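The following explanation leads the reader through a structure, one chain at a time. Please keep the sequence and the coordinates at hand while reading.

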Amino acid sequence: MVHGSEFCVRHLPDSASHLGILSTMLSDSRVFESLSLNRVPFAGQNWSGKSFDGCSFMGSELSDMNLDGASFRHCFFDFSRWSNVSAKGVTLLFCSFSGAQLKKVDWTGSDLLHVNFNSLEASDCLFSESDLYFSRFVGAQLKGVQFVDCNLKKTQFTGSRLEQVDFRYSNDDEAEFDEVTRTP
Amino acid sequence: MKLVFHYSVENFSNTYVLGPDNGGDAILVDPGVLDVRLLEAIEDNEYTIRWVLITRCQPQHLRGLRTLKKVYDAELFSRNDRVLDFPCQTVNPGTHLQLGNFRVDALCFPELSNDSVAYRVGNWVFCGDLLSAGQPPRTSSAYTRANMAIALERRFFTWQDDTLIFPGEGPPSLMRGEKLFNRVRKSAGLEVRDLAGLFESPREVGPETIGEPPHREV
């Protein structure tokens, strides 16, 4: 369901106008709770500094977005697709991204705590200078991803495929790398 | 319905509080700790802890129970009839509890331990040690691991894809993600048995049916 509707977005009689209303709502307010925005395509929006609590974006598409300084707590992004997103200084707390696809997403300087990134497909993404305490990348496929100067305490990369992944200056000795395939 | 999440740095375990939107009687799942932050979150939401659900009688799920009982006169539910000397309502396999406006279904997993219970409230599951996002439960032997894989396959992974999973340790998860990616299925050779359709077109499987997610955390 799209928030406030009886329908999922693709089955709305007039999905374009409904998306316009959603877009206005998202641009007018700063704090959001319990929004259901599954399978909604977002493009070119500025959510910088906004706060989302208990919102669901499962299967949604986020492209060319600015999320700098935004806060997401208890949010579900499973099977979502992200491309060209700036998410610097973001707070992600107790969120789930399982099965998500990220392309050119910049998380530099973010707090990504207790986040489920299992089976994530990420390419050309930056996680540098971020705190990834207790987050998980089980079965993830990461290509050209940077984890420079990160806190990786209790971060799990179990069963992941890492290609050109950079862990310089991070405490990767405190992370778990069981059954990982690494390509320099 | 609101959810408050609290992480115990001491136990590496999660505690959850489930209550109405506008305050009132609430459920606490796994009192691994009751510190000032959790107490403030409970009070800020104007909750009174009336019921405590225990997923497993292990120290990491119980360390805050004595403190909690000093503050709230809460009724306890677990597989055991006594927990830390407190009397407890025994939860049996298939038990349905009506706790205020909350209907709670209990599912027992003796394959893991004789005191292991998962509680389902709506499409939220509090599964304790049954599994953790992407990971199988911690077990002592290959035999237990194999038994658990079968038990989860028959009684856990049969639930709807939109079920939100809140484990006793680690981040939250979605049932669909666990069906597709959890290593317990892979280790048991079960991961593709009935999920071929999902692998082919994972984005076509009904997010429109996904229920309201939780909100609030500490």
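This is a predicted model: local features need pLDDT of at least 70, side-chain atom pairs count only at pLDDT 80 or more; totals for chains, interfaces and linings use all residues.

Helix α1(A) is hardly covered, for 1 of its 14 residues counts as buried. Helix α1 of chain A comprises residues 15-28 and reaches 20 Å from its first C-alpha to its last, close to the 20 Å expected at 1.5 Å a residue.

In chain A, 8 strands form an open sheet in the order β2-β4-β6-β8-β10-β11-β12-β13, and the pairing is parallel. Strands β2 and β13 (181-183) of chain A stand at the edges; each has a single partner strand, so one side of each is left without a neighbour in the sheet. From one strand to the next, the twist averages 10°.

Strand β2 (residues 41-43) of chain A pairs in the parallel sense with strand β4 (residues 61-66) of chain A over 3 bridges. Here Phe42(A) stands opposite Leu62(A), a residue of β4(A). Strand β4(A) in turn pairs with strand β6 (residues 81-86) of chain A, again in the parallel sense, over 5 bridges. Within that pairing, Glu61(A) has Arg81(A) in β6(A) as its bridge partner. Further along the order, strand β10 (residues 121-123) of chain A runs parallel to strand β11 (residues 141-143) of chain A, and 3 bridges join them. The bridge partner of Ser123(A) is Lys143(A), which belongs to β11(A).

The account now turns to chain B. The secondary structure of this chain comes to 7 helices and 14 strands. Of the 218 residues of chain B, 51% count as buried. Among the contacts in chain B with a separation of 6 or more, 55% are between residues 24 or more positions apart.

Asp105(B) stands opposite Arg120(B) in β11(B).

Strand β13 (residues 164-167) of chain B is covered on both faces: Leu164(B) and Phe166(B) on one side, and Ile165(B) and Pro167(B) on the other, are all buried. Strand β12 (residues 124-128) of chain B runs parallel to β13(B) and is joined to it by 4 bridges. In this pairing, Trp124(B) stands opposite Leu164(B) of β13(B). Together with helix α4 (residues 142-155) of chain B, strands β12(B) and β13(B) make a right-handed β-α-β unit.

Strand β13(B) also pairs with strand β14 (residues 173-174) of chain B, which runs antiparallel to it and is joined by 2 bridges. Leu164(B) has Leu174(B) in β14(B) as its bridge partner. These two strands, β13(B) and β14(B), form a hairpin with 5 residues between them, and Gly170(B) in the turn has a positive phi of about 90°.

Terms used:
Residues are numbered from 1 along each chain as its sequence is written. Chains are lettered from A and ligands numbered from 1 in the order in which they are written. Two strands pair if DSSP finds at least two bridges between them. Axes are lines fitted to C-alpha atoms, for helices over the stretch in contact, and angles run from 0 to 180 degrees between N-to-C directions. The expected span of a helix is 1.5 Å times one less than its number of residues. A residue is buried if 20 or more other C-beta atoms lie within 10 Å of its own, exposed if 12 or fewer, and partly exposed in between; C-beta atoms are placed from the backbone. Two residues are in contact if their C-beta atoms, placed from the backbone, lie within 7 Å. A crossover is right-handed if, with the strands pointing away from the viewer, the path from the first strand over the helix to the second runs clockwise.
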